[in-house]
Number of protein chains: 2
Amino acid sequence: MSSNQISREGDEIPAILTIAGSDPSGGAGIQADLKTFTSLKCYGASVITALTAQNTVVVEGVHAVPPSFVEQQLRCVTDDIPIKAIKTGMLFDKGITSSVANALRSTYATSSVPPLVCDPVCVSTSGHTLLQPDAVDTMIHELFPLATVITPNKSEAELLLSRMGHRQRIIGSLEEMITAAEQLLALGPKAILLKGGHLSVTMADLDRVCGQRPELSVEKYGMLGENMEVLLIAQGEMDPAVFELVVDVLQEANKPATLFLRPRLDSTSTHGTGCTLSAALACSLGRGEPVREAVKQAAVYTYQGIATAFPMGHGYGPLNHMHSIVHRSIPLPSLHNPHPFVRLLIEANASVWKQYVEHDFVKQLGRGTLPKECFLHFIKQDYIYLKYYSRAYGLVAAKSPDYDVIASAAEVMMHIVRESRLHKSFCELWGVSPEELEGGPESPACTAYGAYILDMGLQGDSSRLVMALAACLIGYGEVGLWLKREASKPDSWVKLEGNPYVRWIDDYAGEEYQDAVRKGIARIEAMAAADPPSPKRFEEWRLVWEKCTRLEKGFWDMGLSLS
Amino acid sequence: MSSNQISREGDEIPAILTIAGSDPSGGAGIQADLKTFTSLKCYGASVITALTAQNTVVVEGVHAVPPSFVEQQLRCVTDDIPIKAIKTGMLFDKGITSSVANALRSTYATSSVPPLVCDPVCVSTSGHTLLQPDAVDTMIHELFPLATVITPNKSEAELLLSRMGHRQRIIGSLEEMITAAEQLLALGPKAILLKGGHLSVTMADLDRVCGQRPELSVEKYGMLGENMEVLLIAQGEMDPAVFELVVDVLQEANKPATLFLRPRLDSTSTHGTGCTLSAALACSLGRGEPVREAVKQAAVYTYQGIATAFPMGHGYGPLNHMHSIVHRSIPLPSLHNPHPFVRLLIEANASVWKQYVEHDFVKQLGRGTLPKECFLHFIKQDYIYLKYYSRAYGLVAAKSPDYDVIASAAEVMMHIVRESRLHKSFCELWGVSPEELEGGPESPACTAYGAYILDMGLQGDSSRLVMALAACLIGYGEVGLWLKREASKPDSWVKLEGNPYVRWIDDYAGEEYQDAVRKGIARIEAMAAADPPSPKRFEEWRLVWEKCTRLEKGFWDMGLSLS
């Protein structure tokens, strides 16, 4: 495995910076931002502007950080980490706001500031002032001109409009939202996202506005679309026509506005909604998404965070930031662990695996003391087993619409047919006629194993079949290597010289078979890496591996007992 | 969907609190802790004791938070959030250390402090002092007696031993680590985890120590176990016997020590390793794991974070905290979106879906203007199609080792056979003989659809077959509901009165069929929720859905064109 392969995940992980306050209760501020970054698989950095003592009920106090120390934090981060996007949240006072703007301007040429989302946080959900009045103008004049998107809510937009000297300061309708968003563009950012959470809109409002302004486009999410009558009935939901709606307005420079439409959720889990939205927006911008697509992704992430929130605290609870992630069942590969899946399979079934690969049959074979009739019985049954095994590869081909897979299955089948001919000639040397070989009785251990593999091929998809074929391939490779390694030790119990079974050992320890094992292991790892299984699916795979390991042990048992 | 089902994820999410410093560059401190909590799917809260201005190269400065404000943050959190475990990191000075201990003692009765992990952070990886010397005794006397586990590294352990008055202050061997861990227990915690990252140990050291003290137990991770010769060869790895090893020593009160053994990783991505380990340990303790199991889980998580780290910054880079998670392909269900999977399927293929369920054939059928020969051609082909469809349910049974699934498949098969008899009697009424019905030619559109479903049953597991059967079941339900709803509007284009096909419409809009649709939707959602598909697997499912939607449209086309 090359180091390229190891770091592949890192290449897709942009570093995102939040500059904001701290919420110790974890629902808002840099805490919400870092949770959002992590859940969206971005690398998070965070400059803290002010500490709050708050929870889901109340903001009890604020400890502002000295502006010079804010600036020092920011320089430490930007000097070292290649930041792909930035969001600002609570900036608290004039000095901090100014120091953030200064540091950004002096670090980056104006044209090369990473995408910057400014959430003009002024007041908490619980009503606490989070931006002192004299800091608003600083934010407007020093920070906003650097911004890609500003994300005010209704009251923040009204405050900004009033500072801009607009007479119309109250935003009471969808029309006024659109007008306000257009006016706010004059503050210098590339786009305004005016959040409509504090305004109630109906479908009739939307139809009216879109009728008057056909250039507007609409993005809906969180609501049933056309031709979903079955879901409407199944979930017993109201007709969307009578939903109470929330509309966010995105106004980009020189483009018609886009309206983002969703049903209003009746939820108190809204603490940190604005923080989360702007953080998710920074993630999408940091991945290179255009503004409109980034807003859509961020809005959907945030909406889903509210919709799937779990209770926490006694007031306005936090969103569920982790709705977008699930646990990985198989570790990521690394330089020291390039085959995490096969390793996990062996570790999870270590004792059965040991019984299989260090079986008495194998030990007697290594010593050369295995009775000839046991070996011959084993070889005759293996000859029958190989029919099942090659048919299973036929099923692999039958299950795949991919010529590469079909070709490789065909190759394996040809290989097995050749191996069966070797069995035949081998048996003839030992006095077993082709008729006896072909017509001999099939032992239950052989039927069990062969039929189980084919059953897995019937029950599952090709991954299940690959799992069913793995224990045989890899186990015989392990047996071959183990006997060879033991044989190489001084005074070894393994005797190769004069051992009647030395050819068998050489075959499985040899380069040709070992190469097939290595390729098989690589294929299995690639399969699991491309399609990381859920815990349930992993457990299905593991059970197949374990069962085949047991059946392999049963096959050696049969050899010894001549059953 | 009940609200119970919605909040199920929340029930498994414990709230974990970190009390520590902030690292704006994101690799250590509360940032590392919150990333760890999130990646392990715990809810994170964080009380900040001090801000640092640092990056992966250097700690430039520290801004200590007033002790009273630390205490205020802590009270805000514990007053509101049901904390399941706590970790402390950098406490910086005597005042802060004392205020944290005071607040914990006054909030919780001594016996009811949640599991508490104390990481006695004294010096940064880059050599900066993170705990003032006069704070050490405060930590020892006020905080440690409350702790479940203390997690010192070599130099922190040496410092603590010297404060305890021990003569032996240098820990230079595995034996001395074990002795030191025993001695440190006198500080009052339930356990000591003495981290061995700064001490080199060989397998020979381990064998010697375990030989002398057979009561010790050993937990290995990150290294190949027994019977993994194939992996050793495949990854070209050195023999573990010559690895440089790292050993952490866990000493619980009144128990023999456990040694946690791993190979040393040659990596500079170690910034925040201690923070991450103690944070992960708090997560496991917060889930109720016993100390030893919690240490193992935390150690494996941390080791994997280093092993899979990606480059970030110019000095000692951060761990990859996100190695344990993957993106979810299908949103979590919520009250407003109880059927996220089916909704996503319809949304992802909206235009083909619309062409299917609002097909001209359906519209003419609703108007009653569909030519009789078109309808009869359709019904005759549908009769043939139902054979494929019932055989596919036979495959569903063949693919399942579950009697419930077998029974339900048998039920559907019986239902389809009855439906086919209705087709037969229907056709007789319209003048089509049983012979004509049975012997008539099969249209390519019918063969394509029927054989495709069976092919999916051959290629995939039962989930693929379920997907292949879904578009028919759900689409006909949609058609029935749509025609009924349109018919109920004033002056509707749908005419039920005198419509020769009204029985057909009634059948699919009727309660019996709609009940089957609802159950089918619930089954599909349950399947996806129990086994969340990877993006690759989701795309396979989606493609099957899309293909079947197209084939359904082709079936109506055939009806209209009599092809």
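Start by selecting residues 351–560 of chain A: in this predicted model, that stretch is 81% helix and 0% strand. Its end C-alpha atoms sit 20 Å apart. UniProt, in an unreviewed entry, gives residues 351–560 of chain A the feature "domain: Thiaminase-2/PQQC".

Next, select residues 244–320 of chain A. Here the chain is 40% helix and 18% strand, with 23 Å between the end C-alpha atoms. According to the unreviewed UniProt entry, residues 244–320, together with residues 23–207, carry the feature "domain: Pyridoxamine kinase/Phosphomethylpyrimidine kinase".

Now colour chain A by domain. Domain 1 takes in 15–197 + 268–308, while domain 2 covers 340–560. Taken over C-alpha atoms, the centres of domain 1 and domain 2 of chain A are 60 Å apart.

Time to move to chain B. Select residues 67–80 to bring up helix H4 of chain B, then pick out Cys76(B), which lies in this helix. Is Cys76(B) buried or exposed? With a relative accessibility of 1%, Cys76(B) counts as buried, because the cut-off for buried is under 20%.

Terms used
Residues numbered from 1 in each chain as written. Chains lettered and ligands numbered in written order. Predicted model: local features only at pLDDT ≥ 70, side-chain atom pairs only at ≥ 80, totals over all residues. Heavy atoms only, no water. Domains from an automatic or database assignment. UniProt positions renumbered as here; feature names shortened; annotations may be inferred. Helix = DSSP H or I, 4+ residues; strand = E, 2+ residues; numbered from the N terminus. Buried < 20%, exposed > 50% of the residue type's maximum accessible area, 1.4 Å probe, protein only.
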